[in-house]
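The following exercises concern one protein model. Each task is followed by a solution in steps.

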Amino acid sequence: MLERNFWKEVLHTLMMQKRRSLFTLFGVFWGLMLLVLLLGAGMGFQGGMVKQLMDVESNSVGMTASPTSVAYGGFENGREWHFTDDDIAALHRRYSKEIARTVLISHFPDKSTLSVITAGQNSEMASLVGISPDYPEITPLKIIAGRGINSFDCDGRRKVCVLGEHLARSLFDDVDAAIGTKVNINDNAYTVAGVVRMTNPVATFNVNIANDIFLPVTTAAFVFGKTGKYETVVSVLNEGYDSADYMEKMPAFLKERHSVAPDDVAALTVLDLNNFYGMFTSILIAVKGFVWLIGLGTLLTGLIGISDIMMISVIERTQEIGVRLAFGAPPSAITKQVVCESMVLTLIGGLTGIIVGGWGVYLIGKVVNTSDSSIFANLYVPLDTVIVAFLILVIGGLAAGYMPARHAMSIKAIEALREE
């Protein structure tokens, strides 16, 4: 099997059919390269999702109030209601051991209304979002200039704001130059304290971080006459308390305080961030399965091509095989050569595809990893995956050469010599 003359003959046979060999190589090369690229993208997607979820305080219960859809307690349906300071205090009294802190979020004047934001000669339309200082814990933000909203801003109802990156770049030529300047919002001047970039699209709570403008929630509530009223509350729980245990208790407690029907699902939207973990785990499993399905399907197509081409090669060399058999060559020698020709084409094409695909994953990773908000992170192809792909390649190469080899073994010397 390892005789030098044998391998020279195998390579000579392949070189005599350069075009056919190249097309065959390309089929396997394409299949392995695509498989490696898809696997690298899948691992990058997994890494990106894990990174996103690690930045989120997942053990929390988020609740958003909406107009009621059921008449209840003497009130008609369509009634607007909000969470209040008294609600927050009551929640903390009721669940004093469980709740570590509560994050407050509200749109002003409401979710559907955009406000005009003016800076010098530039103006844009944006949503006004009031937030409490702990907001970055549930939706991490990267401060690219200045600072975020802090407790002093909320306690003092300071007229400061933080701009989303896209909004800031629309209003100012330089985001750093925006810090300390004034923007006009509905005839009120606010000092720009910072500019933020979205780093996590997983749980934004209806906030378009890149294009919205953020105010201290107490300031915004005071300006719009909604002091002590909040649209969304997110209760972050202490360790040892599972948010799943409070997904029904806390909403029911707040509904009861506001005479909202217990079965009015539309009136109070509940978000358990822990559910994202299960959801994304299922998504990742599906993505991996899809990647392997597409990659292996493409590889299988290449291997079938090798098998077909080797079969054609055997048929075209019927007389040559007959002469060799007539001169005493054992059928096993013919079989060995056909299988080895198939293996050489498979390994050269496959290993080249693995190498090129690996470099492609590396280069793509260098590009996508520069973005803070990218859903991909740390693109790579695991070594065990490469080993599995290589084993599939070897087995596939043997299988691709098996049928042509069987055909070669069935050739009778006398019949082969009669072929025209």
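**Exercise 1: the largest pocket**

The lining of the largest pocket comprises six nonpolar, four polar and six charged residues. Here Ala, Val, Leu, Ile, Met, Phe, Trp, Tyr, Cys and Pro count as nonpolar, Asp, Glu, Lys and Arg as charged, and the others, Gly among them, as polar. The model is predicted: local features need pLDDT of at least 70 and side-chain atom pairs pLDDT 80 or more, while totals for chains, interfaces and linings use all residues. Residues are numbered from 1 along each chain as its sequence is written, and side-chain values use heavy atoms, with hydrogens and water left out.

Task: state the volume of the largest pocket and identify which strand gives the most to its lining.

Solution.
1. A pocket is defined on a 1 Å grid over the protein atoms alone, as an open set of points where a 1.4 Å probe fits, with protein on both sides within 12 Å along at least five of seven lines; lining residues have an atom within 4 Å of a point.
2. The largest pocket holds about 250 Å³ of space, a volume being the space filled by probe spheres set on the points, which are joined across faces, edges and corners.
3. Among its 16 lining residues, Ala-65, Glu-80, His-82, Asp-110 and Glu-231 are the closest to the centre.
4. Strands β3 (99-108) and β12 (229-230) each supply at least two lining residues; β3 gives the most, with three. Strands (E, at least two residues) and helices (H or I, at least four) are DSSP runs numbered from the N terminus.

**Exercise 2: backbone features in loops**

Task: locate the cis peptide bond and the non-glycine residue with positive phi.

Solution.
1. The bond from Phe-108 to Pro-109 is cis, with omega near -5 degrees. Pro-109 belongs to the loop between β3 and β4 (115-119).
2. Asn-186, which is not a glycine, has a positive phi of about 50 degrees. This residue sits in the loop that joins β9 (182-185) and β10 (188-198).

**Exercise 3: a helix contact**

Task: list the residues through which α3 meets α9.

Solution.
1. With contact taken as heavy atoms within 4.5 Å, Asp-86, Asp-87, Ala-90, Leu-91 and Arg-94 of α3 meet Met-250, Phe-253, Leu-254 and Arg-257 of α9.
2. These residues divide into five nonpolar, no polar and four charged.
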